[in-house]
Amino acid sequence: MCVVYLFMLPMKAFDITNITGVLRAGGDSRMASIIDLSCQWIIAVPLTFLTALVLGAPVAVVCLCIQSENVCKCPWGLVRLRSRKWINDVTVGAAHDQSFSAAPSAGRRWTGRSGSAAARTGTATTSPGRATPTCCPPIRSTPPPPGMTGEWPPPGGISSPKGITPRF
């Protein structure tokens, strides 16, 4: 069984990277789903059922039939990858989308980090050239909780449940 998986691993790694990484990220999720599901349900599942339950084949042959979907996906995915039909601009609608605006919402100001120059002067609204979503309030800086000052080691030291203070 391990030998079957060892030889099928490079093909499976290519399929995962190609289908999940490249095709779906490139906006071709329809073809990625077709390649993924058709190879599994048309090739691998019937072939595994046939070898395991009908023919009573050894476990290594059944494992090879389970991994046979990769043999189908690899050439089909490679053809789709080289055709360059998967390249779609998935950012086209984002620049003209109505849910984003260049100005902040009325009455809301982005204060930035508490130590930033914009927060000290009170001039910060949004980052220049960045869109602010109108559906969500801007992120505001809050003071750290008591005892979380960022100093290390903290004043008073660190104590374990038994009262032992570690040395630094």
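Predicted model: local features only at pLDDT ≥ 70, side-chain atom pairs only at ≥ 80, totals over all residues.
## Reading the model

A residue is called buried when its relative accessible area is under 20%, exposed when that area is over 50%, and partly exposed in between, using a 1.4 Å probe and protein chains only.

Residues are numbered from 1 along each chain as its sequence is written, and side-chain values use heavy atoms, with hydrogens and water left out.

## Overall layout

The protein has 168 residues, and 20% of them are buried. Its secondary structure comes to 5 helices and 2 strands; these are DSSP runs numbered from the N terminus, with helices being H or I over at least four residues and strands being E over at least two. Along the sequence, the elements follow the pattern α-α-α-α-β-α-β.

How much of the contact set comes from residues 24 or more positions apart? Among contacts with a separation of 6 or more, such pairs account for 68%, where a contact means heavy atoms within 4.5 Å. The accessible surface is about 12200 Å², and carbon and sulfur atoms own 66% of that surface. Accessible areas come from the Shrake-Rupley method with a 1.4 Å probe, and for residues only the protein chains shown count as cover.

Helix 2 spans residues 29-54 and includes valine 45. Leucine 50 lies in helix 2 as well. Valine 45 counts as partly exposed because its relative accessible area is 34%.

Threonine 48 is another residue of helix 2. Threonine 48 is buried, because its relative accessible area is 16%. Leaving aside residues up to four places away in sequence, threonine 48 touches Leu53, Val62, Cys65 and Ile66.

## The buried side of helix 3

Helix 3 covers residues 59-66, and its buried residues are Val62, Cys63 and Cys65. These lie on the same side of helix 3 because they cover an arc of only 160° around the axis, the arc being that of the directions from the helix axis to the C-beta atoms. The cover over the buried residues of helix 3 includes helix 1 (2-25), helix 2 and helix 4 (68-83). Val62 and Cys65 are also among the residues that threonine 48 touches.

## A salt-bridge network

The structure holds 4 salt bridges, each being a side-chain nitrogen of Lys or Arg within 4 Å of a carboxyl oxygen of Asp or Glu. Which residues are linked in a network of salt bridges? They are Arg24, Asp36, Glu69 and Lys73.

Start with arginine 24 and aspartate 36, whose closest N and O atoms are 3.6 Å apart. This pair links distant parts of the chain, with arginine 24 in helix 1 and aspartate 36 in helix 2, 12 residues apart. Aspartate 36 also meets lysine 73 in a salt bridge at 2.8 Å, N to O. Here the link runs from helix 2 to helix 4, across 37 residues of sequence. Lysine 73 then pairs with glutamate 69 at 3.4 Å between the closest N and O atoms. Those two residues share helix 4 and are 4 residues apart, about one turn of the helix.

## Cysteines

The structure holds 0 disulfides, a disulfide being a pair of cysteine sulfur atoms within 2.5 Å. For cysteine 2, the nearest cysteine sulfur is that of cysteine 63, 8.9 Å away. Cysteine 2 is exposed because its relative accessibility is 65%, whereas cysteine 39 is buried, with a relative accessible area of 1%.
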